[in-house]
Structures are given as C-alpha cells and as structure tokens.
Amino acid sequence: MHIMQLPREVLLGENLKGEVVNVAKRIGLSGKAMVLYGPRTKEIAGKDVEVSLREEFDVSSLMIRGATMEEVERTMARIREENVQWLVAVGGGSIIDVAKLASYRTGVPFISFPTTASHDGISSANASIRDLGIKTSVKAIPPIAVIADVKVIKTAPYRYLAAGVGDIISNLTAVKDWQLAHKIKGEYYSEYAASLSLMSAKMVMRNADIIRLGNEEGVRKVVKGLISGGVAMSIAGSSRPASGAEHLFSHALDSIAPKPALHGEQVGVGTIIMAYLHGLKWERVRETLKRVGAPTNAYELGIDPELIVEALTIAHKIRPERYTILGRDGLTREAAKKAAEITGVI
C-alpha cells in the first residue's frame, strides 16, 4: 500500500498574513491554535499572523530557538498542556521542522508560513533536526497548507533565495541516484515523482537570470520549485526525488565543519561533484549556481577544502541504507580529491 500525503491548499501571493484565518476555515480547522516563530520571524510576520488569528480563534504562541529535539519536545508539551488543535509555523527551515515533527508526534495538523525560500522543507514531510551535533532528516508529516507570501520572503537576505536554487538543482543528481538504486537494488521508483522533481530543477536553470534579480517574480519561481520538490517527495513516499548523495555530502559537512554554510548552499556544491560522478553536464549546474550568486566552491562556502574531501569520503556512512553514486564503500580520498579538483570545488 502506497500512501500519498499532500498539502490541501497552497497559497502563493502578496500580503497573505491575514489569509491564515481564511485557510483555516476552508480546511475545517477548529479549536485552539498555536503560532510558532523565532525572534526575527516574529517581527517579520509572526506577530501579524497571531493578531489576525485572534479575531476568530483562541491563540497562544511559542518562541522556537532552533531545530533540536529539546525544542520539539517543548512544543509537544505545550500542545498537550493547552489542548492545542493545530499549529502555524512562521519562519525558516528550523521553525517549520520543529512544527512538522511536533505535529506528526502529537497528531495535530500544521500550516507552513515560510519567511525564506532556502530549501524544500517548507512543504515536504521530512524534518531536519539537529541532535547530538549531527543534523539528520526524520520522517514526519507535510503541512496541511502552505502560505507563501512573496513580499515577506523577499525581505530575507538574497543569500537564502540563492540557497533555495541550490536545493532545487540538487534534484538532478537525487533522481539519478534514485534511478541507480532502482536498477541495482530494485528499490521502488516513481516516474511521476521523478519527472516532477526534474521539471523543478530544469525550471530554475532556465530562469536563473530572473531569479538573480531577487524580485517578486524570482521569488515566485523559487518557491514554486521548492513546493514541487516537496510534493514530489510526498508522491514518492520518501525523500528520494530530492535527496541523494549531494544531501549526504551536506549532512557530512554539517557533522565536521566548525561553521557549516546554509543547507541549500552545501547541496548545490555537492550537486556539482555528484553530477560529475554521474557523467552529467556538471558545468551547467555550476554555471546556474554562479548566475544566481550561489557558492560553487569551498572558498565561497567558507569551508576548508580538506573538510570538503573528508565529507566526500564519509558521506556514504550518513545513511548506509540509501544507495547512491557513492556506492556501498564510498569514495577513496584520492577519488574525492580528484572529483573536487576537476569540478573546481577545491
């Protein structure tokens, strides 16, 4: 049996802070609501969303300090103590991820209100939680609705939008890895989910010059690509359509780098290397990232080249059950160094 869980509504437009009330009514949410936000996202949109909701619902709020299990458990405790029936997550990846896992474990739905467009977690079922120093993805539940206000997202530093392009372009190598696992390991493969994922990657590659302007049109294109990636994962029932060896590389960097870059920045650079290993046109990937102003090498990531090589050699250990171009035994140090040098990453 294959279950697909998808958002029931996706709103993309301007001045949508007051629309959470209408969305909640349309999809039949009732009872007490709780708004989750961070210190910055409270000022950007969280406070306005909360005030708007108070006109129709009993509402409480919770300040989230990071994507940790401690914050997830604190959120779950508040949900149970206050008999909260649904959540609204106003913020970037960390706040949405905390809401996602707390929602999944308590059985209450949540609405995603992203304030950045830096990765596909805004609509996917997977949550990245930093615990014991390593960030890993865990299965949760997708939002019941996504409300993406391009005016709000546009106020975030442009770096986040460029990182979003990195996360979308990684679908190219993620799908290749998925096809490889299907051929070699007999893993389940959904052509429809893969096609949707690839379409998103190709769309941002075609529109790199528009995205580079950082205006409303560029934001819309990145948000659509991220949401499509999230939907593709929901259709597949796993993160396969949008997460392959390039994501394992990023998780490896998270575990060893003193100061990791943004998730989308790291997977973008990882995609250049994995595209080379797959025999794809990796130069096109690098050119697209350059055109949108995303990092394409260790220096631009702010990460020591030695750590890039090390991450490539240990990436296959992050999720041993996930077969990718890295194989069962991973890359040797020599192979990792060669791939990183040929692609200009180091």
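The structure holds 2 aromatic pairs. Rings of Phe, Tyr and Trp (its six-membered ring) count as a pair if their centres lie within 6.5 Å, with planes under 30 degrees apart called stacked, over 60 edge-to-face and the rest tilted. The model is predicted, and local features need pLDDT of at least 70, side-chain atom pairs count only at pLDDT 80 or more, while totals for chains, interfaces and linings use all residues. Residues are numbered from 1 along each chain as its sequence is written, and side-chain values use heavy atoms, with hydrogens and water left out.

**Aromatic pairs**

A pair of aromatic rings is described by the distance of the centres and the angle of the planes.

| Pair | Distance of centres | Angle of planes | Class |
|---|---|---|---|
| F57 and W86 | 5.1 Å | 80° | edge-to-face |
| W178 and Y189 | 4.8 Å | 65° | edge-to-face |

F57 lies in the loop between α2 (39–54) and β3 (59–63), whereas W86 belongs to strand β4 (residues 86–91), so this pair ties together parts that are 29 residues apart in sequence. Helices (H or I, at least four residues) and strands (E, at least two) are DSSP runs, numbered from the N terminus. Both F57 and W86 are buried; buried means under 20% relative accessible area, exposed over 50% and partly exposed in between (1.4 Å probe, protein chains only).

In the other pair, W178 sits in helix α7 (residues 171–185) and Y189 in the loop between α7 and α8 (191–206), so the parts tied together are 11 residues apart in sequence. W178 has 1% relative accessibility and therefore counts as buried, whereas Y189, at 22%, counts as partly exposed.

**Nonpolar cores**

A nonpolar core is a set of buried Ala, Val, Leu, Ile, Met, Phe, Trp, Tyr and Cys residues joined through side-chain atoms within 4.5 Å. The largest such core has 87 residues, and those with the most contacts inside it are L36, V72, L87, V222, I308 and L312. Helix α10 (residues 216–236) supplies the largest share of this core, 9 residues. A second, separate core comprises 25 residues, including F57 together with L11, L16 and I27.

Contact means heavy atoms within 4.5 Å. Not counting residues up to four places away in sequence, L36 touches, among others, L62, I64, T75, L87 and V88.

**Surroundings of K151**

K151 is found in helix α5 (residues 150–154) and is partly exposed, with a relative accessible area of 37%. Leaving aside neighbours within four places in sequence, K151 is in contact with G13, E14, N15 and E216. The C-alpha atoms of K151 and N215 are separated by 9.1 Å, although these residues are 64 residues apart along the chain.
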